[in-house]
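Reader: Hi, I have a structure open and I would like to talk it through with you. Could you take a look at it with me?

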Amino acid sequence: MFDLPVAVDLRTAARALGIHSTTAYRLIREHEFPCPVLRIGRRYRIPTNELMRALGIEDRPLYSVDPEGDTDGPSAGF
């Protein structure tokens with residue numbers, strides 16, 4: 001998910017949510033889609049950060065080790 005563009009098309013969002021694209025269009029018409037939807041011309045775009053939030057995914061990667069090389073942590077000096 002972290003390699004996705006800033007916004008994704010509706011089919012990609014529907015696939016990520018585990019729903020059929022027909023259901024996604026119906027949810028949009030009923031104003032029930034689980035995250036904000038942008039209408040650009042005749043196309044729908046879903047902001048990736050909002051999609052990730054709807055899926056319960058942090059909007060930034062989590063690391064088991066600090067990528068900055070923090071030496072102040074509990075394992076410092078080992």
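Reader: At what angle do helix 1 and helix 2 pack, and how far apart are their axes?

Author: Helix 1 and helix 2 pack at an angle of about 105°, and their axes are 9 Å apart; axes here are lines fitted to C-alpha atoms, for helices over the stretch in contact, and angles run from 0 to 180 degrees between N-to-C directions. Helix 1 and helix 2 are therefore roughly perpendicular to each other, a label given to angles of 65 to 115 degrees, while those under 35 count as roughly parallel, those over 145 as roughly antiparallel and the rest as oblique. Please keep in mind that this is a predicted model, in which local features need pLDDT of at least 70 and side-chain atom pairs count only at pLDDT 80 or more, whereas totals for chains, interfaces and linings use all residues. Residues are numbered from 1 along each chain as its sequence is written, and side-chain values use heavy atoms, with hydrogens and water left out.

Reader: Which residues make the contact between helix 1 and helix 2?

Author: Helix 1 contributes Leu-10, Arg-11 and Ala-14, and helix 2 contributes Ser-21, Ala-24, Tyr-25 and Ile-28, where contact means heavy atoms within 4.5 Å.

Reader: Is Ser-21 buried or exposed?

Author: Ser-21 is buried, with a relative accessible area of 15%, because buried means under 20% relative accessible area, exposed over 50% and partly exposed in between (1.4 Å probe, protein chains only). Leaving aside neighbours within four places in sequence, Ser-21 is in contact with Arg-11 and Ala-14.

Reader: Changing topic, what is the order of the strands in the sheet?

Author: The sheet is open and has 3 strands in the order 1-3-2, with antiparallel pairing; helices (H or I, at least four residues) and strands (E, at least two) are DSSP runs, numbered from the N terminus, and two strands pair if DSSP finds at least two bridges between them. The edge strands, each pairing on one side only, are strand 1 (7–9) and strand 2 (38–40).

Reader: And how many bridges join strand 1 to strand 3?

Author: There are 3 bridges between strand 1 and strand 3 (residues 43–47), and Asp-9 stands opposite Arg-45 in strand 3. Helix 1 (residues 10–17) packs on the sheet, where it touches strand 1 and strand 3, and its direction makes about 90° with that of strand 1.

Reader: What pattern does the protein follow along the sequence?

Author: Read in that way, the protein follows β-α-α-β-β-α, which comes to 3 helices and 3 strands.
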